[in-house]
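Hi there,

Here is the model I promised to send over. Please have a look at it first, and then read my notes below.

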Amino acid sequence: MTKYKLEYIWLDGYTPVPNLRGKTQVKEFESFPTLEQLPLWGFDGSSTLQAEGRSSDCVLKPVALYPDPARTNGALVMCEVMMPDGVTPHATNRRATILDDAGAWFGFEQEYFFYKDGRPLGFPTQGYPAPQGPYYTGVGYSNVGDIARKIVEEHLDLCLEAGINHEGINAEVAKGQWEFQIFGKGSKKAADEVWMARYLLQRLTEKYGIDIEYHCKPLGDTDWNGSGMHANFSTEYMRTVGGKEYFEALMKAFETNLQDHIEVYGPDNDKRLTGKHETAPWNKFSYGVADRGASIRVPHSFVKGDAYKGYLEDRRPNSQGDPYAIASQILKTIASVPTAKKSVAA
Ligand code: ADP
Ligand code: MN
Ligand code: MN
Ligand code: MN
């Protein structure tokens, strides 16, 4: 038997942005456990805004499992928060609201800033560094400093070793700003992995005395870019049937549900979706082929040969958004649009 360090990780009840929480349980197993072998666990919900002091128990239900590359015999256990009965999802449990759909694919592009001593990593104590331009996908000390790339590489390796499906990384437009992309098949997979990648990034940077700033416009109304979390999405129907008529009906539904989407696309998005810095104004829905100034960018590959098939990129979700809530809303809107299954069969 081996003692495994199981890090149970969940989202707390803070609004508008939940925080990651985690605690370790040591348990013996013959070999690395399976998800099914992991027991339910509990925590004090009164310390996480998830319960009143008098009846404070909340239940942790393991839903995704990854080896923890930073710990000997460690495992990272993503959990949903449940009511004391262990079966009813807690009101803060957004993951439980995502429609089950194995054919839904998501790719999230998480942008973020490294922050040290209250300012972006690489910013001088007073004022600003040289203006934006060379930092995006840049190389060299003046562009990325002497520590950011080391952290980004370490984070990438940790994620890959944990089995998280990173698809890429890049330095971003502002100094101290970076991005990673995660893709997953299944309606919950990419969202689970974004939260786990955030966890690994925040834990990794503890030893560097650096924080991760997810706010979408940390430098306010300046010429410094904000951070997004573009959500690329497709369903099996979009990939295999699609068509112009369905696409237009889908865009109509996105327009109708604008408010529901903006509500879960991350706080303070009106400060980021201004129409500047490759964004669309938050209160006006738009779409366009290869248009980085639209709410939804339609890739060239989607319209190729008038097929209207493939994936779409919703550019509005921001860096602080909850990928569970975002995936949930996107699939809800998609589900409201009738597909042409019947007429195809006829
Ligand atoms: P850009 O910065 O030009 O928007 P990225 O390469 O950063 O592009 O991100 C594109 C994202 O689209 C990737 O995360 C990728 O996984 C995702 N993606 C590609 N194909 C699909 C698909 N069929 N369904 C959902 N997401 C997809
Ligand atoms: Mn990108
Ligand atoms: Mn980007
Ligand atoms: Mn993008």
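This is a predicted model: local features need pLDDT of at least 70, side-chain atom pairs count only at pLDDT 80 or more; totals for chains, interfaces and linings use all residues.

In helix 9, the buried residues are Pro323, Tyr324, Ala325, Ile326, Ala327, Ser328, Gln329, Ile330, Leu331, Thr333 and Ile334. Buried here means under 20% relative accessible area, exposed over 50% and partly exposed in between, with a 1.4 Å probe and protein chains only. That is eleven of the 13 residues, so the helix is mostly covered. Helix 9 covers residues 323-335 and runs 18 Å from its first C-alpha to its last, close to the 18 Å expected at 1.5 Å a residue; the expected span is 1.5 Å times one less than the number of residues. At the start of helix 9, a side-chain oxygen of Asp322 comes to within 2.8 Å of the backbone nitrogen of Tyr324. Helices (H or I, at least four residues) and strands (E, at least two) are DSSP runs numbered from the N terminus.

Residues are numbered from 1 along each chain as its sequence is written, chains are lettered from A and ligands numbered from 1 in the order in which they are written, and side-chain values use heavy atoms, with hydrogens and water left out.

Now to the manganese ions. Ligand 2 is coordinated by Glu109 (OE) and Glu179 (OE), at 2.2 to 2.3 Å. These two residues link distant parts of the chain: Glu109 sits in strand 6 (residues 105-116) and Glu179 in strand 9 (residues 177-185), 70 residues apart. Donors are N, O and S atoms within 2.8 Å of the metal (3.2 Å for Na, K and Ca); water is not among the atoms, so sites may look incomplete.

Glu179 bridges the two ions, which lie 3.8 Å apart.

How accessible are the glutamates? Glu109 counts as buried because its relative accessibility is 15%. Glu111 is buried at 10%, Glu172 at 7% and Glu179 at 5%.

Ligand 1 comes next. Of the 14 residues around ligand 1, Glu109, Glu167, Asn232, Ser234 and Glu313 come nearest, where being near takes a heavy atom within 4 Å. An oxygen atom of ligand 1 is 3.1 Å from a side-chain N or O atom of Arg292, and an oxygen atom of ligand 1 is 2.9 Å from a side-chain N or O atom of Glu313. The protein covers 75% of the 590 Å² of accessible area that ligand 1 has on its own, by the Shrake-Rupley method with a 1.4 Å probe. Strand 6, strand 9 and strand 11 (229-234) each give two or more residues to this shell.

Finally, His230 lies in strand 11 and is buried, at 10% relative accessible area. Its side chain makes a polar contact of 3.1 Å with that of Glu313; such a contact is a pair of N or O atoms within 3.5 Å, and within protein one must be able to donate a hydrogen and the other to accept it, with residues adjacent in sequence counting only if both atoms are side-chain atoms.

Best wishes
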